[in-house]
Amino acid sequence: MEPWFGEEEAQAVAAYMRSGGWVTEFKKTADLEKGIAAYTRAKHCIMTNNGTISLTLAALAVGIKAGDDVIVPNYTMIASPNSVLMIGANPVMVDVEPSTLCLDIEKVKAALTPKTTAIMLVAANGRYPDVGIEAFEKLARERGVVLIEDSAQGLGSSYPDGRHVGTAGLVGSFSFSMPKIISTGQGGCLVTNDDCVAKRLRKLKDFGRSGGGNDIHDTIGWNFKFTDVQAVIGLEQMKKLAWRVERKKAIWRAYEKGLRTVNAIRLFRHDLECTSPWFIDSVCEDRDNLIQYLKSRGIGTRVMYPPINHQVAYQRPGVHPVSDDIGVRGLWLPSASQLTDDQVARICGEIHAFYST
Ligand SMILES: Cc1ncc(COP(=O)(O)O)c(C=O)c1O
């Protein structure tokens with residue numbers, strides 16, 4: 001069984017510390033940026049200290065201002081809307097497709113206002129919308145709004161045309177917090193093919209410095225830099241990525257096979273040619289009792305994200321039946337790449353047993 005962080009990371013960090021490295025962001029961070037840019041086939045990759053701040057930086061770099069409307073899915077991790085709220089923009093929650101849990105494009109169209117400056121498309125569990133990414137690119141072009149991709153859950157997933165998730169929008173964001181498919185403890189990055197956006201992002205995350213290390217500031221910026229110690233871990237994690245992507249697909253296939261005949265639980269479809277399921281998301285009947293039953297047998301699960309507009313932090317009106325339903329029936333099953341086939345079979349067996357009684 002492969003541990004998340006193993007001997008490889010331990011040795012690499014020890015060797016780096018003995019080498020007298022700077023610890024703060026420097027050459028190892030640049031190496032990791034090159035590695036991620038090559039993997040995602042993006043022109044630029046810019047590391048940041050997490051996948052929430054990276055979205056905030058993306059919003060600033062593409063010109064989103066206080067008072068702008070930004071379309072976000074009502075089903076996502078709370079970081080997506082929070083990232084634009086932080087700069088005074090207004091996240092507008094829109095419901096998601098029932099099949100993929102990605103933004104529903106018809107509902108996006110209905111929610112666009114003259115104040116809308118961006119659409120934040122989240123690759124829910126690495127999936128792309130059923131209507132295709134091209135439909136979102138076209139909509140953004142036609143309506144003069146920016147497409148930002150929150151691909152925090154999407155490393156290892158592509159669109160059917162071969163582009164990596166996160167590289168279709170003007171800017172795409174990834175997260176490396178635990179337990180992402182690769183992790184640096186905390187961490188994030190932005191990818192873009194636009195030279196100007198890349199330049200702005202580098203300045204924004206480094207105090208607005210006009211050049212590396214100087215104290216000349218022609219724009220406002222902050223400090224959202226990475227560290228080379230994390231980059232050393234990230235470089236080792238990147239070597240494990242291909243294996244983990246395949247393992248995640250195998251785990252999804254094992255669940256799909258094991259639960260195919262149980263009508264009370266349904267997995268979300270994955271186009272495994274392209275997408276890598278970071279976790280196993282499902283909708284199930286009698287969720288609370290299933291959770292308790294599995295817990296009593298030593299199997300941990302987690303309820304999926306509640307609808308954003310019903311979170312106490314937001315409390316926004318609006319009818320969003322798909323994300324509302326996920327709040328009632330959505331359940332994540334165990335999905336770590338370390339899970340063995342036997343363990344997945346046992347979990348499926350317990351779910352069968354629960355619904356058979
Ligand atoms: C869709 C989505 N966006 C943003 C984030 C935030 O990333 P981070 O935890 O690195 O800030 C996450 C984290 O899980 C996420 O799932």
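**Close-up 1. Two cavities inside the predicted model.** The structure holds two cavities of 30 Å³ or more. This is a predicted model in which local features need pLDDT of at least 70 and side-chain atom pairs count only at pLDDT 80 or more, while totals for chains, interfaces and linings use all residues. Residues are numbered from 1 along each chain as its sequence is written, and side-chain values use heavy atoms, with hydrogens and water left out. Rolling a probe the size of a water molecule over the atoms shows where empty space is left. Here that is done on a 1 Å grid over the protein atoms alone: a cavity is a set of points where a 1.4 Å probe fits but cannot get out, a pocket is an open set with protein on both sides within 12 Å along at least five of seven lines, and lining residues have an atom within 4 Å of a point. Grid points are joined across faces, edges and corners, and a volume is the space filled by probe spheres set on the points.

**Close-up 2. The largest cavity.** Its volume comes to about 60 Å³. Among the residues lining this cavity are Gln153, Leu155, Phe176, Ile181, Ile182 and Trp278, together with Ser175 and Lys180. By class, the lining has six nonpolar, four polar and one charged residues; Ala, Val, Leu, Ile, Met, Phe, Trp, Tyr, Cys and Pro count as nonpolar, Asp, Glu, Lys and Arg as charged, and the others, Gly among them, as polar.

**Close-up 3. The second largest cavity.** About 40 Å³ of space lies in here. Its lining includes Cys102, Leu121, Val122, Arg127, Tyr128, Glu149 and Tyr159. Sort that lining by class and you get eight nonpolar, one polar and two charged residues.

Close-up 4. A total of 16 residues surround the ligand, with Gly51, Thr52, Asp150, Ser175 and Lys180 the closest; to be in the shell, a residue needs a heavy atom within 4 Å of the ligand. The shell splits into five nonpolar, nine polar and two charged residues. Of the 390 Å² of accessible area that the ligand has on its own, the protein covers 92% (Shrake-Rupley method, 1.4 Å probe).

**Close-up 5. The largest pocket.** The ligand takes up the space of this pocket, going by the rule that more than half of a molecule's atoms must lie within 2 Å of the pocket's grid points. The volume is about 610 Å³. Of the 31 lining residues, Met178, Pro179, Lys180, Trp278 and Tyr305 lie nearest the centre. Helix H4 (79-85) and strand S11 (330-333) are the elements that give two or more residues to this lining; helices (H or I, at least four residues) and strands (E, at least two) are DSSP runs, numbered from the N terminus. The lining has 15 nonpolar, 12 polar and four charged residues.

**Close-up 6. The second largest pocket.** This one holds about 480 Å³ of space. It is lined by 18 residues, and Glu25, Asp206, Gly212, Gly213 and Lys225 are the closest to its centre. Helices H2 (27-40) and H7 (195-204) each give two or more residues to the lining. By class there are three nonpolar, six polar and nine charged residues.

Close-up 7. Most residues other than glycine have a negative phi, and most peptide bonds are trans. Met178 and Pro179 are joined by a cis peptide bond, with omega about -5°, and Pro179 is found in the loop between strands S6 (171-175) and S7 (188-192). Arg41, not a glycine, has a positive phi of about 55° and lies in the loop between H2 and strand S1 (44-48).
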